[in-house]
Amino acid sequence: MSLYVKKRKRVLKKVLIGFSLFFVGSTAYVLFSSLTSRFFPYPFMGNPVFAVLITTLAALLTYKPLDYLMTQLFKNYLFRKKSYSHMALMDLAEELATILDLTELANLVVNTFGETLHLKTVALVIPSRIRDDYEIISAYGWNVSDCKRVRLPKDSPLLRMIQDGGPHVLVRDRALRTLDWQEANRLAHDFDSLRASWVIPFFAREEFVGVLTFSSYIPESIFDEGDFHFFREFAQEVAKCVRNALSVQELKLANQELQDVQSQLLQSIKIQAIEQLATGIAHEIHNPLTIISGKAQVLLLQKDRASYDERVEEVLKTIVKQTKRAADITKKLLMFSQSSGSPKEMLDLSQVLEDTIALVSYQTSLEGIEVTRSVAGALPPYYANVHEFREVFLNLILNAVQSIGSKGKIHCEIRYRCQDEILEISVSDTGKGIDPQNRDKVFNPFFTTRTNAVGLGLFVTKQIVHRYAGSIRVESRVGEGSLFIVQLPLMESSKRVPAEKSLPLPFLKQVESEASS
Amino acid sequence: MKRLVVVDDESEICDFLKGFFADRDFDVRTATSGEQALKTIGAHKPQVVLLDVHMPGMDGMEVLRAIKSQYPNIKVIMVTAIETREKIEEAMRLGADNYITKPLSLEYLEKDVKEKVALLSESS
């Protein structure tokens, strides 16, 4: 089909050329003969076919020089216009040196570039921070959602061509012509996905930092070699700035990581201190408690031998009960501090969620908050520390409770996404929401909008989620509520039961029965 | 005769448990350190030992290991102020026969000790 169309086009083109040649020839003949026949009645003028041929030839010979002259004139006019935009762009390049924020820099580059050169689309493409490919960081003439979708793999034909070719401006059609049709097809795909007719590579000291791609409303010939030379210079300036901004961003990230690690350390030191304290307290307090409770129990056990007043029995029972309560406090404190070090096991997260909801049910019912949960389908077992995930659920739910205050709804959901093997936990509330400017800060340590809170809950949650290579994010609308989403990749360890199975513990039952007696 | 050894670095606990079990017709000896405990056990040959886990010097786990290697017949009940899964697992691996936490439920302790003594006298 395409072959047929191509052929038809070619035939059409030839016919058109023929017609125009004939038209040019006859016009020239008519002009020439009307001018000359009055004065020089040459005999061959009498033969119109011959005369048309001669004049056509003459017109063709003069066409090229005339065309050249016209273009030169146009270029002179256009160049003046261009030189203004060149100056504007060089000014921009100087201004860029003072900007260290990558996004701000990118926005300024694409917008100024697009506006001064009256372009249709401009996009700045740099290496992605998260994935191993390239992404558009800022674009002009694009839909925001569209440019977020564009991803350029590292080994894409366009990037390979740039890495082979160095800092030359690539023109779409010219580049395509140098390749065979398969390669050209792939390269064209890259150009089209970036909506580009031209691509300027950015190199900072031989290092490839990104590309600026753009397209215009007018056909491609508006830029010439002189422009490309200028673009290369411009690219050099911009590349330096982008390189700097990238370094600053990396430093910022490293700094953030350092801060995270530091606060994590601080947290673990705190927990260690609590553990030491709790262990000390447990030792010091449990012994006297044992004696107090023991003596009371001795009296209680002697009940059948001597007759007791009922009130005395009541008192003794209270002593035993209250000493046990005192001991439980230190036990809980210990359990909390040891949770991070305790072993992992195969967990049913829906069970953990249910237990946690049961734990807060008293508080939520007091505040008139309804907690619902839904688990989509059967969840695969997750290899993790039960205390940590109890804490994750607890923190998310308590955060929702505090955001609601009183009267509202909390919905917890766990689902398993088979296609990418991810367990997704989401907790939504009908609370007051989070201000946009605070949305990034909610996971920071000691960040809180409440006066009576420490601000560690979500931070600890984030640390735990990260420990399992997961991610946590928040979506929120002020006045409507928030949605926290935790995504946990199902790791290898979860897929098989660990080789060293935990030993059966026949004592635990006894210990429990002892504790409950 | 029912013989029992109570090992705890806190002498008050020792005395208290000694009194409690003496009232229940046990011949009770006490020890306040691991080293002393091993000597007492060697001399007294009890059926059951109540052994504190956390003691300065030789701790409960070491004493447990020593008892189980020298006198495999003696039943050992570990007594501790704090319970952690690791400690319970370790004690079990070393052959402890029970693991209870303070404050003690005397009723449960008495029942358990009596059961163990009865088991031993049956088998012997």
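Me: Start with α3 of chain B. Which residues are buried there?
Reply: This is a predicted model. In α3(B), the buried residues are B:Gly60, B:Met61, B:Val63, B:Leu64 and B:Ile67.
Me: Where do the buried residues fall, seen down the axis of α3(B)?
Reply: They sit within an arc of 160 degrees, so they line one face of the helix. An α-helix has 3.6 residues a turn, so residues three or four places apart point the same way.
Me: Which strands does α3 of chain B lie across?
Reply: Helix α3(B), residues 60–70, lies across β1, β3 and β4 of chain B. The helix runs at about 155 degrees to β3(B).
Me: What about α2 of chain B, which strands there?
Reply: Helix α2(B), residues 34–44, lies across β1, β2 and β3 of chain B. Its angle to β1(B) is about 175 degrees.
Me: Now the sheet. What's the strand order in chain B?
Reply: The order is β2-β1-β3-β4-β5, in an open sheet with parallel pairing.
Me: Which strands stand at the edges?
Reply: β2 (26–31) and β5 (98–101) of chain B do. Each has a single partner strand, so one side of each is left without a neighbour in the sheet.
Me: How many degrees does the twist average?
Reply: From one strand to the next, the twist averages 20 degrees.
Me: Back to β5(B). How many bridges pair it with β4?
Reply: β4(B), residues 75–80, pairs with β5(B) over 4 bridges, in the parallel sense. B:Thr80 has B:Thr101 in β5(B) as its bridge partner.

Conventions:
Residues are numbered from 1 along each chain as its sequence is written. Chains are lettered from A and ligands numbered from 1 in the order in which they are written. This is a predicted model: local features need pLDDT of at least 70, side-chain atom pairs count only at pLDDT 80 or more; totals for chains, interfaces and linings use all residues. Two strands pair if DSSP finds at least two bridges between them. Helices (H or I, at least four residues) and strands (E, at least two) are DSSP runs, numbered from the N terminus. Axes are lines fitted to C-alpha atoms, for helices over the stretch in contact, and angles run from 0 to 180 degrees between N-to-C directions. Two residues are in contact if their C-beta atoms, placed from the backbone, lie within 7 Å. A residue is buried if 20 or more other C-beta atoms lie within 10 Å of its own, exposed if 12 or fewer, and partly exposed in between; C-beta atoms are placed from the backbone. The arc is that of the directions from the helix axis to the C-beta atoms.
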